[in-house]
Amino acid sequence: MATSQRIVIVGGGFGGQHAKRRLVKAGQRVTLIDRHPYATFQPLLYQVATGGLNPGDIAYSLRRFAAADPEGSSAFRRATVTGLDLAAKTVQVSRGEPVAYDRLILAQGVGPNFFGIPGAREYAHTIYTRAEALAVRDQIFSGLEQLTVTPAAQRRYTVLVVGGGATGVETAGTLAELKSEALPVIYPELSTDNFRVVLAELSGALLGPFAPPLQRYAVRELRKRGVDVRLNTAVKEVGPRSVEFSDGSVLDVDLVIWASGVAAQPGVAEWGLPTGRGGRILIDEHCRVRGFDDVYAVGDCAMNPDAPLPQLAQPAIQMGDYVAEVLVAQAEGKPAPGPFVYKDKGTMATVGRNAAVVQFPGGRTVTGFLAWALWVGVHMASLLGGRNRIQAMINTGYRYLAWPQSATSIVGDALPPPDGGAGERDAGERGAVAGGLGRAGDG
């Protein structure tokens with residue numbers, strides 16, 4: 001008979017989900033804590049931000065996720081973790097009583113890293129959450145609508161994407177297709193020259209973890225789609241309407257999307273755990289937090305400096321499964337598994353419609369339509385919940401077949417223009433307030 005343990009998992013992302021599934025299947029009691037009432041499929045958030053998918057297509061109720069387990073073997077608490085009492089073995093939360101544990105798994109993920117660049121935190125937008133993706137979507141929608149009533153000589157909407165990793169490349173590629181395919185169909189009064197997409201990357205290549213031929217392919221495809229790709233370009237300061245680069249040049253911008261680097265979630269530094277670069281929690285080869293036998297960390301929030309892993313979904317999934325195996329072995333009095341070993345299943349990123357890159361273990365690479373089809377298939381299959389998979393496949397399939405009329409399905413609140421009339425400004429402010437109230441749980 002297995003000994004039942006009180007296991008608390010902080011974070012309902014990839015690592016937390018997989019750990020919870022295995023633990024419950026083995027008869028363990030699990031409490032899942034997350035500040036959101038839903039799990040978000042982060043790799044597709046940029047599709048929400050650019051109007052390709054509805055937010056409901058990539059979000060799944062964590063209460064439903066917990067309720068699906070037999071005999072109440074798991075529970076869900078929507079709350080923000082405010083601290084850890086490591087001596088008393090309790091998790092301090094923003095709502096309700098502290099949650100006691102025998103074993104603790106930290107899987108809260110990470111947030112943006114602004115690297116101390118002046119103005120970046122205040123003026124740049126990120127797309128790490130559903131609410132952030134919706135905010136970016138509304139900014140783009142509002143900008144295009146405002147262009148239609150702007151004098152022709154002054155029509156210019158510029159989006160700067162900072163960071164040439166997978167998120168930055170995928171976002172810039174989708175925005176470029178919005179510019180080249182959607183504008184002529186949906187906004188006939190606008191020219192493609194009115195919408196400008198700029199991608200700035202600090203290093204000399206995009207998609208750093210990929211092989212050089214795939215990096216060059218990404219640059220070619222983005223430039224072919226009209227993206228102004230700027231390599232070896234560092235951001236010095238972000239202002240409300242402009243960005244200054246380290247070479248002294250200044251770019252007038254309407255929207256900055258920050259996709260450059262990650263750091264620990266706010267407050268983690270006060271939890272009393274050892275941390276390393278970017279505030280990530282230091283773990284050993286068994287995914288244990290260093291110095292603590294009953295606390296584990298998985299996914300992007302964790303870092304083993306002796307064996308660093310890429311910050312992707314697969315490492316988080318495999319770490320979550322591994323820690324569950326360790327805890328089940330402990331409960332059943334069996335020998336613990338050996339050290340965690342990451343099994344590379346490949347890496348992929350999409351550049352745009354019919355264009356993507358896939359790199360398999362061993363060095364084999366695929367580009368073009370086949371890579372794009374693989375990317376679509378893997379991401380659709382990875383969504384949590386059958387309804388989400390079906391709905392996302394329907395939306396993606398329709399968008400592909402009805403192209404270019406379906407190049408954009410952006411529907412959002414028009415934000416008040418900076419120089420709009422009083423009546424329009426008042427209506428916009430009322431809409432913004434209502435939207436803010438409706439998304440209060442996302443913050």
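**Helices, cysteines and cores**

Student: How many of the 19 residues of helix 8 are buried?
Tutor: Welcome! This model is predicted. Helix 8 runs over residues 313–331. The helix is mostly covered, and its buried residues number 15.

Student: Which residue just after helix 8 takes a positive phi?
Tutor: Let's follow the chain past residues 313–331, which form helix 8. There, a positive phi of about 70° belongs to G333.

Student: What distance does helix 1 reach from its first C-alpha to its last?
Tutor: Start with its 12 residues, numbered 14–25. At 1.5 Å a residue, 16 Å is expected. The model comes close to that, with a reach of 17 Å.

Student: Which residue with a positive phi follows helix 1?
Tutor: Helix 1 itself has buried residues that include G15, L23 and V24. Following the helix, the residue with a positive phi, near 90°, is G27.

Student: Is C287 buried or exposed?
Tutor: Residues under 20% relative accessible area count as buried. C301 falls in that class because its relative accessibility is 4%. For C287 the value is 1%, so C287 counts as buried.

Student: How many disulfides are there?
Tutor: The two sulfur atoms must lie within 2.5 Å of each other. By this rule, the count is zero.

Student: Which residues touch the most other members of the largest nonpolar core?
Tutor: This core has 55 residues. Beyond its neighbours within four places in sequence, L222 is in contact with residues including V169, L199 and V351. Those that touch the most other members are L175, L206 and L222.

Note on methods:
Residues numbered from 1 in each chain as written. Predicted model: local features only at pLDDT ≥ 70, side-chain atom pairs only at ≥ 80, totals over all residues. Heavy atoms only, no water. Buried < 20%, exposed > 50% of the residue type's maximum accessible area, 1.4 Å probe, protein only. Helix = DSSP H or I, 4+ residues; strand = E, 2+ residues; numbered from the N terminus. Expected span 1.5 Å × (residues − 1). Core = buried A, V, L, I, M, F, W, Y, C linked by side-chain atoms within 4.5 Å. Contact = heavy atoms within 4.5 Å.
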